Amino acid sequence: MSEIVIDNVTKIFGAASAEPFTAIEDFDFNVKDQEFISVVGPSGCGKTTLMRMVAGLESITDGEIRVADKPVVGPGPDRAVVFQQFALFPWKTVRENIVFGMKSVGASKAEQNDAVEFYLGLMKMEGTEDKYPHQLSGGMQQRVAIARSYAINPGVLLMDEPFGALDAQTRTIMQEELVRVSRDNPRTVMFITHSVEEAVYLADRVIVMGRNPGHIREVIDVASTRQSEKWAEEPIDDVMEMSSFTHLRGQVWRLLREQMGADM
Amino acid sequence: MIRRIPLWLWSVSGIVLFFGLWQGVVSVGWVSEFVLPSPIKVVDRFLTLMGRPFAGFLLWEHALSSLGRFMSGYVLAAAIGIPLGLMMGRFRLLDEIITPLFESYRYVAPLAWVPFAALWFGTGIGGPIMIIFTGAFAPCLVNAYRGAKLVDMHLIEAAQTHGASEFRIAREVLLPGSLPSIVAGLRISAGLGWQSLIGAELIVVSSGIGYVMTQGQMNLSPETVITAMLVIGLIGLALDVILRMIESRVSSKWKRE
């Protein structure tokens, strides 16, 4: 059970300095086990900071974050992160990158080989195991990074705008693939994005954040609509034209617009 | 016209001109052979020293014993400087602790350590190694440090969130990430270490190229001194060529990525 409990968390940068900056204030939210949460918000709302605190890459000023009932004190393989910049090790081959985390958690050689074969098959990337990241397209590189994270079987997957650096077409393909992969290998996922469509298409619930300081503006439920409208059975382009989808997208979009209006 | 002449020919003509002038100045009698021996005399001395022991050993044996000392000090400097530099680049606190000490040490010339080397090690092997170490250490540390600082933070965070220990981060992320910078540092180190070695040998030992120089000086044999200088220069050049080759290999391999 990998529930994420974000318990009244506040993050202040430079708390001891002359000009402290409150990035997030009194953030209170529970991500259920195996739930897919998207976080959207205007830039500077602290969504990446939130994810980094769950990852243990950023300290928490006040409050607590618990993952599987354990307080987060630092980074760990139970909370693998997929970065926008892919962050593959350029001096390692595809295979070496995928098994990097597995080695940390003590997987056997046979398990490593199985995982490489399984994930490259899943990502339709057979035959690339000995290539280096620079020999792959951006989409392929991000697939490898996602495989690297899935391979350690983390309770929680954290994704920081993972498709932000990809072109529109690749991005759509990756979104569809992620839905497929996460349906077959459900994990608790926290997915940070700028894209409203992506957020609605992927998530069970969408957190819309507001800024100054970062807080929850509203939480929109998507899971019930996805199930009743059977999105999973349709290709992504068709889903995005369904009225059930455009309705939710419009709802999130209006919330974001209000935010931006409030700043102007 | 000038562009047609291959570049290496310019280098060769520079060398020929230099030795020609040198020989000319001595042959014409402008300077005495006691002050500046002619190149021909130096070559003759070089060949003699290769075949007949001087100051206890043949010339190449002196060179080997110098190289042995150099390698000991150099490897020691790299073995301590590189890991320490990487760790300083990774851990802010260590950086704060070491940097002030290091910044004051690095401006003390290696030769300034000679009195202490003599005091602590006498004429033993430790003295010269210590001097070479003080010469070669700084570039090893500085370049590893700068290299580690420039490693993409996301790679370190990716390693951390995929369960890597600090040791693995150092070995599999920081070290390969800063390799081009480290190799460049090793090249600078080799030059400085080799220079300092000769200085050390002038003072504290009884074999080696530096020792040949002091003995040549005492025997009023300037051609021996120049021969030793020549050997120092040639070995230094060879070291540099080898490290340059490694450096260009590493940087071309890394640039692709």
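Predicted model: local features only at pLDDT ≥ 70, side-chain atom pairs only at ≥ 80, totals over all residues.
**View 1. Chain B is built from helices, with 11 helices and 0 strands.** The C-alpha atoms of chain B fill a box of roughly 75 × 60 × 30 Å along the principal axes. Of its 257 residues, 36% count as buried. Contacts that reach across the sequence are well represented here: taking contacts in chain B between residues at least 6 apart in sequence, 76% join residues at least 24 apart.

**View 2. Chain B meets chain A through 14 residues of its own and 22 residues of chain A.** Two helices of chain B, α7 (153-161) and α8 (166-177), each supply at least two residues of the side that touches chain A. Which helix gives the largest share of that side? It is α7(B), with 6 residues. Sorted by class, the side of chain B that touches chain A has 5 nonpolar, 5 polar and 4 charged residues.

**View 3. Within chain B, helix α5 (residues 114-121) packs with helix α6 (residues 126-150), their axes coming within 8 Å.** The two axes cross at roughly 145 degrees, and the crossing of α5(B) and α6(B) is right-handed. On the α5(B) side, look for B:Val114, B:Ala117, B:Ala118, B:Trp120 and B:Phe121. Their partners in α6(B) are B:Gly126, B:Gly127, B:Met130 and B:Ile131. By class, this contact of α5(B) with α6(B) divides into 7 nonpolar, 2 polar and no charged residues.

**View 4. Over in chain A, the axes of helix α2 (residues 94-104) and helix α4 (residues 138-151) come within 7 Å.** How are these two helices oriented to each other? Their axes cross at roughly 30 degrees, and α2(A) and α4(A) are therefore roughly parallel. The crossing of α2(A) and α4(A) is right-handed. From α2(A), the contact draws on A:Val94, A:Asn97, A:Ile98, A:Val99, A:Phe100, A:Gly101 and A:Met102. From α4(A), you will find A:Val144, A:Ala147, A:Arg148 and A:Ala151. The contact of α2(A) with α4(A) has 8 nonpolar, 2 polar and 1 charged residues.

Technical notes:
Residues numbered from 1 in each chain as written. Chains lettered and ligands numbered in written order. Axes fitted to C-alpha atoms, helices over the stretch in contact; angles between N-to-C directions. Helix = DSSP H or I, 4+ residues; strand = E, 2+ residues; numbered from the N terminus. Parallel < 35°, antiparallel > 145°, perpendicular 65-115°, else oblique. Left-handed = near helix turned anticlockwise from the far one by under 90°. Contact = placed C-beta atoms within 7 Å. Nonpolar A, V, L, I, M, F, W, Y, C, P; charged D, E, K, R; others polar. Buried ≥ 20, exposed ≤ 12 C-beta atoms within 10 Å, placed from the backbone.
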